[in-house]
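Welcome! Take a look at the sequence and the model below, and then we will walk through some of its parts together.

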Amino acid sequence: MTEYLITFNDEWVQEHTEEQIKDKAAAAREVLDDMRAVDALVFTNGGLDRSTALFSVEARDGEPVFSDGPYVETKEHLGGFCVVDVADDEAARYWAGRLATALEWPQEVHRFRGPGQVRQARPAV
């Protein structure tokens, strides 16, 4: 199995009313439920935009320097993403197509080059 990142940029999405966003969320949840049913979904979160940026950090003289802004100048901001673990590019294409159709905005797909790192299970309290 291979992991893929399926993303959309906030700038690719036209303005929506609150009702339209609720409808899109419901449509996306159906696709995510289908991903879960076949154990393809690793992680997802679609709640990112320019307003969620908290700070930036860069290294200066070997030390982290944090700033509340200005942020890196870019025309694009990640709007949301999901990571899927599927057999091949064709399966990733299928899920990205389902999301693009459900949400009615573009998706971009990246294949991870190798296995990632996962958080260790937390001990029971």
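Predicted model: local features only at pLDDT ≥ 70, side-chain atom pairs only at ≥ 80, totals over all residues.

## Before we start

Helices and strands here are DSSP runs, numbered from the N terminus: a helix is a run of H or I with at least four residues, and a strand is a run of E with at least two.

Residues are numbered from 1 along each chain as its sequence is written, and side-chain values use heavy atoms, with hydrogens and water left out.

## Helix α1

Let us begin with α1, which has 20 residues. From its first C-alpha to its last, α1 reaches 28 Å, close to the expected 28 Å; the expected span is 1.5 Å times one less than the number of residues. Which residues of α1 are buried? They are K24, A28, V31, L32 and M35, where buried means under 20% relative accessible area, exposed means over 50%, and partly exposed is in between (1.4 Å probe, protein chains only). The arc is taken from the directions from the helix axis to the C-beta atoms.

The face of α1 turned away from its buried side carries the exposed residues E19, E30 and A37. On the buried side, the cover includes β2, β5 and α2.

## Helix α2

Now for α2, which has 15 residues and reaches 21 Å from its first C-alpha to its last, close to the 21 Å expected. Its buried residues are A92, W95, A96, L99, A102 and L103. Seen down the axis of α2, they fall within an arc of 130 degrees, so they line one face of the helix. These buried residues pack against β1 (2-9), α1, β5 (78-86) and β6 (108-111). The face turned away from the buried side carries E90, R93 and T101, which are exposed.

What caps the N-terminal end of α2? The cap is D88, with a side-chain oxygen 3.2 Å from the backbone nitrogen of E90. This is a polar contact, meaning a pair of N or O atoms within 3.5 Å; within protein, one must be able to donate a hydrogen and the other to accept it, and residues adjacent in sequence count only if both atoms are side-chain atoms.

## Around the end of α2

A100 lies in helix α2 (residues 89-103) and counts as partly exposed, at 26% relative accessibility. Leaving aside neighbours within four places in sequence, A100 is in contact (heavy atoms within 4.5 Å) with W105 and Q107. Q107 is buried, with a relative accessible area of 19%. A polar atom of the Q107 side chain lies 3.5 Å from the backbone oxygen of W105.

Leaving aside neighbours within four places in sequence, the contacts of K24 are H16, A102, L103, E104 and W105.

## Residues with a positive phi

Most residues other than glycine have a negative phi, and most peptide bonds are trans. Just after α1, D39 takes a positive phi of about 60 degrees. D39 lies in the loop between α1 (18-37) and β2 (41-45), and D39 is exposed, with a relative accessible area of 62%.

D61 is not a glycine either, and has a positive phi of about 55 degrees. D61 lies in the loop between β3 (56-60) and β4 (63-67) and counts as exposed at 83% relative accessibility. E104, which follows α2, also has a positive phi, near 65 degrees.
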